[in-house]
Amino acid sequence: DTKERTISLRGCLNKKMRSFEGFLSTTFAFLVLRLCSVTCDITDGNAEHLKREHSLMKPYQGVGSNPSSQWDFWGSTLVTSSYVRLTPDERSKQGSIWNTVPCYLKDWEMHVQFKIHGSGKKNLHGDGIALWYTKDKLHPGPVFGNQDQFLGLAIFLDTFRNDLHGMDRSFPFISAMVNNGSVSYDHGKDGRSSELGGCSVEIRNREHDTYLAIRYSKGRLTVMVDVDDKNEWKECIDIGGVRLPTGYFFGASAATGDLSDNHDIISMKLYQLMVEHTPEEENLDWTKIEPSVSLLKSPKDNVDDPTGNFRGTPLTGWKVFLLLLCALLGIVVCAVVGAVVFQKRQERNKRFY
């Protein structure tokens with residue numbers, strides 16, 4: 001009887017272990033699928049969502065001033081087969097390139113490959129690149145080669161410090177600004193009075209490709225960088241409460257002053273984000289929205305925080321995966337220890353018989 005009971009217990013134990021292994025396999029498969037879905041969403045490079053009419057890519061066909069062109073340029077901009085150079089490494093140059101097709105996407109993500117390089121040594125170069133989503137295009141001005149008091153969104157890749165009192169941050173510095181046409185960009189203060197957030201990033205004279213991503217979806221603006229040749233995004237800016245209309249234009253501009261750099265755009269690729277909206281949002285005339293931001297704090301309170309994940313939510317992507325993986329490993333350890341203890345106890349009971 002004892003032997004039969006022991007065999008029966010062992011059979012039951014083996015059956016439970018096989019059942020538990022099946023559970024682990026199913027759970028692990030779910031985690032992998034979940035991770036893949038998050039990762040694919042983060043690096044959304046799906047070709048079928050690429051909007052070519054809003055994208056600038058080699059060999060830059062359809063660039064020029066003729067009526068059929070989808071991109072037009074101004075100033076010192078030079079279009080080659082390998083890059084679009086907004087300014088050469090020369091003093092007092094301004095250049096820009098603009099998509100001539102207005103964008104009516106409510107949710108989008110722009111991936112920009114760029115290169116800033118030159119012969120100037122540390123702190124002896126300038127001024128930087130600006131990326132735009134604005135109502136007007138091809139309007140030269142003092143803000144990195146574009147007009148001031150613009151309507152829309154600007155992302156500044158500022159390589160030169162003007163404010164000598166602002167030593168709490170290092171340059172190059174990436175920042176964001178949303179304008180309803182009433183605010184001027186303060187060059188003397190490096191735009192601090194109107195910035196929504198930013199981060200310090202080494203983007204100049206890198207030997208590898210450098211990228212920046214701008215995502216706008218459901219009122220949230222996120223800016224990411226990939227500049228360390230690791231093929232991974234790092235969060236630079238993440239702001240909620242942003243309102244941007246449709247029907248604006250994408251563009252890029254750059255400027256040099258007494259100091260200079262080569263400012264090159266390699267590509268600008270726009271992706272449509274497939275997001276569901278409420279019936280009220282769908283019925284809204286998005287072209288009539290005024291650019292604005294509902295901030296819980298003043299832009300001046302923003303701190304330099306270049307770390308983070310692509311999404312602004314606290315638990316997404318790798319964080320969720322690692323949390324679930326740790327929990328799963330804990331369950332496995334407890335199960336193995338319990339099985340060993342149970343088997344030892346059965347062997348001890350067998351010796352007593």
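**Close-up 1. The side chains of aspartate 264 and histidine 117 are joined by a polar contact of 2.9 Å.** In this predicted model, aspartate 264 belongs to strand S15, which covers residues 262–272. With a relative accessibility of 2%, aspartate 264 counts as buried, because the cut-off for a buried residue is under 20% relative accessible area. Leaving aside residues up to four places away in sequence, aspartate 264 touches Tyr83, Val84, Arg85, Phe114, Lys115, His117 and Ile129.

**Close-up 2. Strand S14, made up of residues 249–255, is largely enclosed by the rest of the structure.** Seven of the seven residues of this strand are buried, which is why strand S14 can be described as largely enclosed. In a regular strand, side chains alternate between the two faces of the sheet. Both faces of S14 are covered, with Phe249, Gly251, Ser253 and Ala255 buried on one side, and Phe250, Ala252 and Ala254 buried on the other.

**Close-up 3. Strand S14 pairs in the antiparallel sense with strand S4 and, also in the antiparallel sense, with strand S6.** The pairing with strand S4, which consists of residues 94–99, runs over five bridges, and within it tryptophan 98 has glycine 251 of S14 as its bridge partner. The pairing with strand S6, which consists of residues 128–134, runs over seven bridges, and here isoleucine 129 has alanine 254 of S14 as its bridge partner. Isoleucine 129 is also one of the residues that aspartate 264 touches.

**Close-up 4. Cysteine 199 and cysteine 236 form a disulfide, with their sulfur atoms 2.0 Å apart.** The structure holds one disulfide, and the link between cysteine 199 and cysteine 236 is left-handed, with -105° about the S-S bond. Cysteine 199 lies in strand S9 (residues 198–200) and cysteine 236 in strand S12 (residues 234–239), so the pair ties together parts that are 37 residues apart in sequence. A disulfide is a covalent bond between the sulfur atoms of two cysteines. Both cysteine 199 and cysteine 236 are buried; cysteine 103 is buried as well, with a relative accessible area of 0%.

**Setting of the close-ups. The protein as a whole has three helices and 16 strands.** Of its 353 residues, 44% count as buried, while the protein exposes about 18700 Å², of which carbon and sulfur atoms supply 54%. Among the contacts in the protein with a separation of 6 or more, 73% are accounted for by residues 24 or more positions apart.

Methods: Residues are numbered from 1 along each chain as its sequence is written. This is a predicted model: local features need pLDDT of at least 70, side-chain atom pairs count only at pLDDT 80 or more; totals for chains, interfaces and linings use all residues. Side-chain values use heavy atoms; hydrogens and water are left out. A disulfide is a pair of cysteine sulfur atoms within 2.5 Å. Helices (H or I, at least four residues) and strands (E, at least two) are DSSP runs, numbered from the N terminus. Buried means under 20% relative accessible area, exposed over 50%, partly exposed in between (1.4 Å probe, protein chains only). Contact means heavy atoms within 4.5 Å. Accessible areas come from the Shrake-Rupley method with a 1.4 Å probe; for residues, only the protein chains shown count as cover. A polar contact is a pair of N or O atoms within 3.5 Å; within protein, one must be able to donate a hydrogen and the other to accept it, and residues adjacent in sequence count only if both atoms are side-chain atoms. Two strands pair if DSSP finds at least two bridges between them.
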